[in-house]
Amino acid sequence: QVQLVESGGGFVQPGGSLRLSCAASGTILSINFMRWYRQAPGKQRELVAAITGGSTNYADSVKGRFTLSRDNAKNTVNLQMNSLKPEDTAVYYCNAALYESNWSLRDYWGQGTQVTVSS
C-alpha cells in the first residue's frame, strides 16, 4: 500500500532551523511531483514549496529561507527550513502525485507534522 510518511516537525526558537522529510513507501514506479503545504490555525492551507522533476518553486514568504531537495533513490523529499519565524508556525503536509504499479497516477497526502516557532 502506498503512503506518505512525514517526520521532523517540532518546536524551535525564532531564527532556528528544522528539517522535514516526506517518504513515499510502497510500490511506486515514478514520482510526478512532491509538495509541502502548511496550514496555520484559522487560515487556509497554502503551498510552501514544490518540486517537479528538477524544478523547484517556493512561496514568496519562504524564499531564501527554505530549501527543498529530493532523493529519488529513497522516494523522499526534504524541506530544510532556516531562519524560522513565528509566522512559520503551522501544520505542514506533504503532498505527492505518484505513479503506481499499473502506471496509474494518484494523489497522496501525509498525516501532517506540527512546526512551532516561538520564544
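N72 sits in the loop between β7 (66-71) and β8. The model is a predicted one. At 52% relative accessibility, N72 counts as exposed, because the threshold for that class is over 50%. The C-alpha atom of N72 is separated by 30 Å from that of G15. Along the chain, N72 and G15 are 57 residues apart.

The protein chain as a whole contains 11 strands and 0 helices. From the N terminus on, its elements run β-β-β-β-β-β-β-β-β-β-β. The radius of gyration is 14 Å. A compact globule with 119 residues would have a value near 14 Å, so the chain agrees with that expectation. Along the principal axes, the C-alpha atoms fill a box of roughly 50 × 25 × 25 Å. Of the 119 residues, 42% are buried.

Strand β8 (residues 76-81) holds T76. T76 counts as buried, since its relative accessibility is 11% and the limit for burial is under 20%. A polar atom of the T76 side chain lies 2.9 Å from the backbone oxygen of K74. Beyond neighbours within four places in sequence, T76 is in contact with C22, A23, M34, S69, R70 and D71.

One of these partners, A23, belongs to strand β3 (residues 18-25). A23 is partly exposed, with a relative accessible area of 29%. That value places A23 in the intermediate class, because the class spans the range between the 20% and 50% limits. With neighbours within four places in sequence left aside, the contacts of A23 are Q3, L4, V5, N75 and T76. For A23 and V5, the C-alpha to C-alpha distance is 5.2 Å. In sequence, A23 and V5 are 18 residues apart.

The aromatic side chains were considered next. The count comes to 2 aromatic pairs. In the pair of Y37 and W109, the ring centres are 5.1 Å apart. The planes of the two rings meet at 45 degrees, so the Y37 and W109 pair is tilted. The angle falls in this class because stacked planes are under 30 degrees apart and edge-to-face planes over 60. The pair links distant parts of the chain, 72 residues apart. Y37 is in strand β4 (residues 30-39), and W109 is in strand β10 (residues 105-109). Y37 counts as buried at 15% relative accessibility. W109, at 37% relative accessibility, counts as partly exposed.

Two arginines lie over aromatic faces. R45 lies over the face of W109, at 4.9 Å from the ring centre. W109 thus takes part in the tilted pair with Y37 and also has R45 over its face. R35 lies over the face of F33. Here the distance to the ring centre is 3.7 Å.

Key
Residues are numbered from 1 along each chain as its sequence is written. This is a predicted model: local features need pLDDT of at least 70, side-chain atom pairs count only at pLDDT 80 or more; totals for chains, interfaces and linings use all residues. Side-chain values use heavy atoms; hydrogens and water are left out. Helices (H or I, at least four residues) and strands (E, at least two) are DSSP runs, numbered from the N terminus. Buried means under 20% relative accessible area, exposed over 50%, partly exposed in between (1.4 Å probe, protein chains only). Contact means heavy atoms within 4.5 Å. Rings of Phe, Tyr and Trp (its six-membered ring) pair if their centres lie within 6.5 Å; planes under 30 degrees apart count as stacked, over 60 as edge-to-face and the rest as tilted. A charge sits over a ring if NZ of Lys or CZ of Arg is within 6 Å of the ring centre and within 35 degrees of the ring normal. The radius of gyration is taken over C-alpha atoms; the globule rule is 2.2 Å times the number of residues to the power 0.38. A polar contact is a pair of N or O atoms within 3.5 Å; within protein, one must be able to donate a hydrogen and the other to accept it, and residues adjacent in sequence count only if both atoms are side-chain atoms.
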